[in-house]
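Hello,

Here is the structure I promised to pass on to you.

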Amino acid sequence: MNPYSLPLRALRQALVKGYQLGRAMRSPQRRTLVLNYHSVRPAQLFFNSTPTRVFEQHLEWLVAHCEVVDFAEVCGPASHKPRVAITFDDGFRDNLEFAVPLLQKYGLKATFFISTGFLGRDPVILDIFARTFQTTANDFMDAEALRELFAAGMRVGAHTHSHRNLLSLSAREQEEELGRSKTILEDLLGQPIQSVAYPFGVPGKAFDLTTTQIAEALGYSRGTMVCWRGLRAQEPVFRIPRFTIVRESLAELEAIVGGAWDPIGWYQDWRFSLRASRQANKPYPLAVALLEQQAWMELVHCRIPGLL
Ligand SMILES: [Zn+2]
C-alpha cells in the first residue's frame, strides 16, 4: 500500500483537518496504538525512510505526550495518556546507526521485525528489493549488527524469511517462512522470538486467518499487521494494528495518536472480514460489501446471498 497515493493522501489530509477542527470538542481519549517505521537516515532517503530530524521530533513529542511502551505490552491496561509502541520493519542497517542512538537518547525501546533473508543476504530477496526500492545488501543489518542492536536493549521480532506476500503462498510455504525466521533469530540471539509482523501487513491482502493460525501453532505469542487504527479493548493478539509512519508532521502524528485516521483502519478491518466470510462461505453485510470494489461485480452477478 502506497501511503502517498493521491486518493489516500487526500483522505489522510482531510481526516487530519477534521480532527483538528473537532479537537476542541473532544474529551481526552484512552488510546493505545503502534507506530511502524522502516528506514531512518539523515540523507539519501529510500521511499520509506524517515529523515533523522523528523524521527527525533516524533520521539520528543511522544515522550512529552504519551506513555511509550514495549510492543509486547501493548495489549495491557489503558493509561491516562495515550499508550504508544514503536516498531520497525525489515532490518535496515540505518536502524542501528541512527534510530537506536536516538531511542537511547530519549530512554526508549522499540521492537525491530527482521526478515532473516536480509541477514543471510538471500540473493532472491535482495534482488527484489534492489529492483523495487533501489536498496543493496549493505543497506540491511548483518548478524553482527543485529546482535549489537539486541545488546543495546532493543526488542526483536520476526518478519518472515523472504519477505513475500504470505497470501501468495500455500499453507505449507507460509509455515516454512514464519518458522524459518523464528528459528534463525532464536539461534542468533539465544532468546525466544514471540512476535511476528506479516510482510506488507494489510489484512485480507497480505495475510489471513490461516496465517494467524500457523503463527500461533509455531509458538508465536502475538502478530501484527498494517491497519491504521488504535487497539480495541479485546484486540485479537495475532492481528494487532499498526500505523505506517514515514515523514508525518507533528500535527499529523498528533492527529494519528488522537484517532483521526482510525476510519481508514475500520475499512481495512472490513476487508479482512469480507475475506474471512468468503472463506467460510457465509453471507456478509451489505454495508461492508459496498465498500469492497469486488462487491459491485457480485451485485451484477446476483451473488450476495439473501439480498437479491
Ligand atoms: Zn517489510
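Let's begin in a loop: Phe200 sits between strand 8 (195-197) and helix 8 (209-217). Helices (H or I, at least four residues) and strands (E, at least two) are DSSP runs, numbered from the N terminus. Phe200 has a phi near 65°, a positive value in a residue other than glycine. With 17 other C-beta atoms within 10 Å, Phe200 counts as partly exposed. For the cut-offs: a residue is buried if 20 or more other C-beta atoms lie within 10 Å of its own, exposed if 12 or fewer, and partly exposed in between, with C-beta atoms placed from the backbone.

Before going further, please keep in mind that this is a predicted model: local features need pLDDT of at least 70, side-chain atom pairs count only at pLDDT 80 or more, and totals for chains, interfaces and linings use all residues. Residues are numbered from 1 along each chain as its sequence is written.

Now for strand 5. Eight of the eight residues of strand 5 (residues 83-90) are buried, so the rest of the structure largely encloses it. Which strands does it pair with? Strands pair if DSSP finds at least two bridges between them.

- Strand 1 (residues 32-37) pairs with strand 5 in the parallel sense over six bridges, and Asn36 has Thr87 as its bridge partner.
- Strand 4 (residues 67-69) runs parallel to strand 5, joined by three bridges, with Glu67 opposite Arg83.
- Strand 6 (residues 111-114) is also parallel to strand 5, with four bridges, and Asp90 stands opposite Ile114.

From strand 5 the chain crosses through helix 3 (residues 93-105) to strand 6, a right-handed β-α-β crossover (with the strands pointing away from the viewer, the path from the first strand over the helix to the second runs clockwise).

Asp90, in strand 5, has a positive phi of about 90° although it is not a glycine. Asp90 is buried, with 24 other C-beta atoms within 10 Å.

Finally, which residues of helix 2 are buried? They are Phe55, His58 and Leu59.

Enjoy exploring!
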